[in-house]
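Here's a quick briefing to read alongside the structure.

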Amino acid sequence: MALPSASEKRFTIFALVLQALFLVFFGVFTDYQQPQARPSTDPNATAPSSNGIDSLYPLWQDVHSMMFIGFGFLMAFLRRYGYSSVGLNFFLGALVLQWATLVLGFFKDEYDENIQLTSDNLLTADFAAAAVMISFGAVLGKVSVLQLLVMAFMEIMFFAVNEAVGVKYLKAEDVGGSIFVHTFGAYFGIAMSRTLSSMSRQVRHGGGSSKEGSVYRSDLFAMLGTIVLWLYWPSFNAALKLGDERHRAVINTYYSLSACTVVTFCLASLFTKNHKFDMVLVQNATLAGGVAVGASANFLIQPWAALVIGSVASFVSVFGYLALQPYLQRAIKLHDTCGVHNLHGMPGVLGAIAGIAATATISTGDYGNSLFLVYPAMAPKNASDPDLIMLRSLGYDISTGEGRSRTQQAAFQFAALAVTLGISIVGGVITGLCMRLNCLFPPDDCEEDLFEDAIHWEVNPGAPDTTMEDEAPSRRDSDGQEVRYRATLQQQ
């Protein structure tokens, strides 16, 4: 049996130390929330307390499946990096769920002596994991496992700070994470990727690597990830809300995704080189509608507006894959393996803009008595306000707010987007600089160390796709020559 290398030893030590620290932190700082997750000690109690798990669990399980099946298989397009795409996504997800529970718990308003755990903590930890997995896509195949550990550990801290600023202080509304999850994760990832690429010729090597392409079989696995994400995205955008807000979020996401998919197929047929459907676009741009409608999913935007948002998101994402991504790689050496800027970054910004527009143009009469539930910061400041007293007398659980007008709330929505862009980019640069440390064993500046499962996994030499000649690539040009790299879209 071969002895483990220095890199493998260090990874084992680092990961076990982190897990041991999580165990200690959970023992010291966490507990079941009372009375939701603890049995009642009241001798007069006749039934278990209601904790909401029955209504939340199906939606949370959908989101959980998106994290581990959807994202994992979506990134499995690389012909010799499938084990790592799915497996390391699995590992990072399990790590981040624990770390995010702790960090986000410390930032909660109600944190006192410990973190009171409920089913809501499971959901918010999954949202944090989504941001990390988006960033992972930007550097897929170009970093070591130790570097990924550092990325996940540091990103969650920046994520928690950004969310605290946006939600607690700016009181921005972003039910589907267009701003706090997708925009943050994408720009954190591409800032990190650009910082890493400046250390060597990694971009030039990665951009020309024959292993950065897909084969027929790997594209089918990636398509499986697309379908899982597409089916469960309404749950992602609706899980944080209840009642009519959840109802609207499901409906709006459903139709935004549908429109986005139809338009993507049309654009792929129209603008690709041979006017045929393209798996790169179908796997990714079809999901942009779910990203873009997230910030306004629970608003009264009307189903036709959801269709518009999904259609525009498709245009933005397809433009990114066909034109902008190749340009950025040539102009500023920005290498983005999965194109997260096109699927999450630009559609996330589009979603934020849609949310700002929806907020600035709301008609208070349309929301009736639920306006202050949708926009808590617009509730009156004074508890003696007649409107607030009247709503409370009708049974609405509404707290005092900031007394904002719709224009002021829209301005705070914009501020949340600006802050998110700033924190994500600065955080990505700082994290990228830390990941450049030699002690983290960054891949050597050679093609053999990039986009290669055999660096970290036991791979059967006789298995399909372990040699470059074993299977024809899934995409060929008009002369029948191999299209080695997905970014041949830049030629189209």
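His 344 is buried in this predicted model, with a relative accessible area of 4%. This histidine belongs to helix α13 (residues 340-360). Leaving out residues up to four places away in sequence, His 344 touches Phe 71, Ile 134, His 182, Thr 183, Ala 186 and Val 291.

**The nonpolar core**

- The largest nonpolar core has 123 residues, and Met 67, Met 151 and Phe 236 are the ones that touch the most other members.
- Helix α4 (residues 119-138) gives this core its largest share, 12 residues.

**Aromatic rings**

- How many aromatic pairs does a search of the whole structure find? The count comes to 18.
- One of them joins Tyr 57 and Trp 60, a tilted pair at 5.3 Å centre to centre with 50° between the planes.
- Both Tyr 57 and Trp 60 sit in helix α2 (residues 53-74), 3 residues apart, which is about one turn of the helix.
- Tyr 57 is partly exposed at 41% relative accessible area, whereas Trp 60 is buried at 12%.
- Tyr 367 and Tyr 375 make an edge-to-face pair, with 6.1 Å centre to centre and 80° between the planes.
- Tyr 367 counts as buried at 6% relative accessibility, and Tyr 375 is buried too, at 1%.
- Phe 158, Phe 159, Phe 184 and Phe 188 are linked into a cluster by ring pairs.
- There's also a charge over a ring: Arg 404 lies over the face of Phe 412, 3.6 Å from the ring centre.

**Cysteines**

- How many disulfides does the structure hold? The answer is 0.
- Cys 434 counts as partly exposed, at 27% relative accessibility.
- Cys 260 is buried, with a relative accessible area of 0%.

- The protein chain averages a pLDDT of 85, and 84% of the residues score at least 70.
- Where is confidence highest and where is it lowest? In the protein chain, helix α11 (residues 288-292) has the highest, at 97, while helix α7 (residues 202-207) has the lowest, at a mean of 44.
- Over residues 202-207 the pLDDT stays under 50, and the model has 21 contacts for them beyond four places in sequence.
- Residues 467-492 are another stretch with pLDDT below 50, and in the model this stretch has 67 contacts beyond near neighbours in sequence.

Key. Residues are numbered from 1 along each chain as its sequence is written. This is a predicted model: local features need pLDDT of at least 70, side-chain atom pairs count only at pLDDT 80 or more; totals for chains, interfaces and linings use all residues. Side-chain values use heavy atoms; hydrogens and water are left out. Rings of Phe, Tyr and Trp (its six-membered ring) pair if their centres lie within 6.5 Å; planes under 30 degrees apart count as stacked, over 60 as edge-to-face and the rest as tilted. Helices (H or I, at least four residues) and strands (E, at least two) are DSSP runs, numbered from the N terminus. Buried means under 20% relative accessible area, exposed over 50%, partly exposed in between (1.4 Å probe, protein chains only). A charge sits over a ring if NZ of Lys or CZ of Arg is within 6 Å of the ring centre and within 35 degrees of the ring normal. pLDDT is the predictor's confidence in each residue, from 0 to 100. Contact means heavy atoms within 4.5 Å. A nonpolar core is a set of buried Ala, Val, Leu, Ile, Met, Phe, Trp, Tyr and Cys residues joined through side-chain atoms within 4.5 Å. A disulfide is a pair of cysteine sulfur atoms within 2.5 Å.
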